[in-house]
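Please read it alongside the sequence and the structure shown below.

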Amino acid sequence: MVTIGTPSSITRAERPALPIRGDATYQAYAVLRTAFVVAPIVFGLDKFTNLLVHWDQYLAPVLSRPLPVTPHQAMYAVGVVEIVAGLVVAFHPRLGAVVVAAWLGGIILNLLLLPGFYDVALRDFGLLLAAVALQRLATRFDPRPVLWPIRRH
């Protein structure tokens with residue numbers, strides 16, 4: 001169950017203690033958070049340059065055929081979504097991790113429609129599990145509810 005409220009509505013007793021940098025749990029959280037900020041932003045920006053890889057090859061034809069744009073143009077939209085996902089992780093990791101996990105789920109489904117990309121789909125499943133782990137760790141280090149700043153009246 002998601003508690004909806006603001007950080008100020010959390011009592012002092014409910015607030016987590018300040019993280020200790022030597023704490024392995026905090027270190028895991030920091031590593032995952034950094035990875036899910038940097039990677040989506042870098043990959044999102046690369047959708048506009050194709051310096052790392054030609055991204056159009058990863059869009060399943062069954063999904064691209066009905067689109068009113070070319071696969072290359074669709075990759076621009078994908079890039080924007082990835083950049084936004086990375087920024088959401090940066091500013092609200094509890095929510096951002098859920099966004100990234102859902103996005104990775106969509107990527108995996110797309111890759112399963114492409115013969116020859118099952119290894120990439122399996123890698124992305126591992127990333128999805130890491131995003132879920134980040135969300136679970138963020139419940140300890142980010143006191144805001146997932147749907148913050150929406151408040152229940």
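The crossing of α1 and α3 is left-handed. The model under discussion is a predicted one.

**α1 with α3**

- Helix α1 spans residues 24–46 and helix α3 spans residues 71–91; their axes come within 7 Å and cross at roughly 160°.
- Because angles over 145 degrees count as roughly antiparallel, α1 is roughly antiparallel to α3.
- On the α1 side, the contact is made by Arg33, Phe36, Val37, Pro40, Ile41, Phe43, Gly44 and Leu45.
- These meet Gly79, Glu82, Ile83, Gly86, Leu87, Val89, Ala90 and Phe91 of α3.
- By class, the residues of this contact comprise 11 nonpolar, three polar and two charged.

**α3 with α4**

- The axes of α3 and α4 lie 6 Å apart, and the helices pack at an angle of about 150°.
- The two helices are therefore roughly antiparallel to each other.
- The crossing of α3 and α4 is left-handed.
- From α3, the residues in contact are Val78, Val81, Glu82, Ala85, Val88, Val89 and Phe91.
- Their partners in α4 are Pro93, Leu95, Gly96, Ala97, Val99, Val100, Trp103 and Ile107.
- The contact of α3 with α4 has 13 nonpolar residues, with one polar and one charged.

**α1 with α5**

- Helices α1 and α5 pack at an angle of about 125°, and their axes are 9 Å apart.
- That angle makes α1 oblique to α5.
- The crossing of α1 and α5 is left-handed.
- Helix α1 contributes Thr25, Tyr26, Ala28, Tyr29, Leu32, Arg33 and Phe36 to the contact.
- Helix α5 contributes Leu127, Ala130, Ala131, Ala133, Leu134, Leu137, Ala138, Arg140 and Phe141.
- The class division of this contact is 13 nonpolar, one polar and two charged residues.
- Arg33 and Phe36 of α1 take part in the contact with α5 and also in the contact with α3.

**The largest pocket**

- The largest pocket holds about 660 Å³ of space.
- Its lining consists of 26 residues, and those nearest the centre of the pocket are Lys47, Glu82, Trp103, Ile107 and Asp124.
- Two or more lining residues come from each of α1, α3, α4 (93–112) and α5 (118–141).
- Helix α4 gives the most to the lining, with seven residues.
- The lining of the largest pocket divides by class into 20 nonpolar, two polar and four charged residues.
- Glu82, Trp103 and Ile107, which lie among the residues nearest the pocket centre, also belong to the contact of α3 with α4.

**Backbone at Asn50**

- Asn50 is found in the loop between α1 and α2, the latter comprising residues 61–64.
- The phi of Asn50 is near 55°, a positive value in a residue other than glycine.
- Most residues other than glycine have a negative phi.

Terms used:
Residues are numbered from 1 along each chain as its sequence is written. This is a predicted model: local features need pLDDT of at least 70, side-chain atom pairs count only at pLDDT 80 or more; totals for chains, interfaces and linings use all residues. Side-chain values use heavy atoms; hydrogens and water are left out. Axes are lines fitted to C-alpha atoms, for helices over the stretch in contact, and angles run from 0 to 180 degrees between N-to-C directions. Helices (H or I, at least four residues) and strands (E, at least two) are DSSP runs, numbered from the N terminus. Angles under 35 degrees count as roughly parallel, over 145 as roughly antiparallel, 65 to 115 as roughly perpendicular and the rest as oblique. A crossing is left-handed if the near helix is turned anticlockwise from the far one by less than a right angle, and right-handed if clockwise. Contact means heavy atoms within 4.5 Å. Ala, Val, Leu, Ile, Met, Phe, Trp, Tyr, Cys and Pro count as nonpolar, Asp, Glu, Lys and Arg as charged, and the others, Gly among them, as polar. On a 1 Å grid over the protein atoms alone, a cavity is a set of points where a 1.4 Å probe fits but cannot get out, and a pocket is an open set with protein on both sides within 12 Å along at least five of seven lines; lining residues have an atom within 4 Å of a point. Grid points are joined across faces, edges and corners, and a volume is the space filled by probe spheres set on the points.
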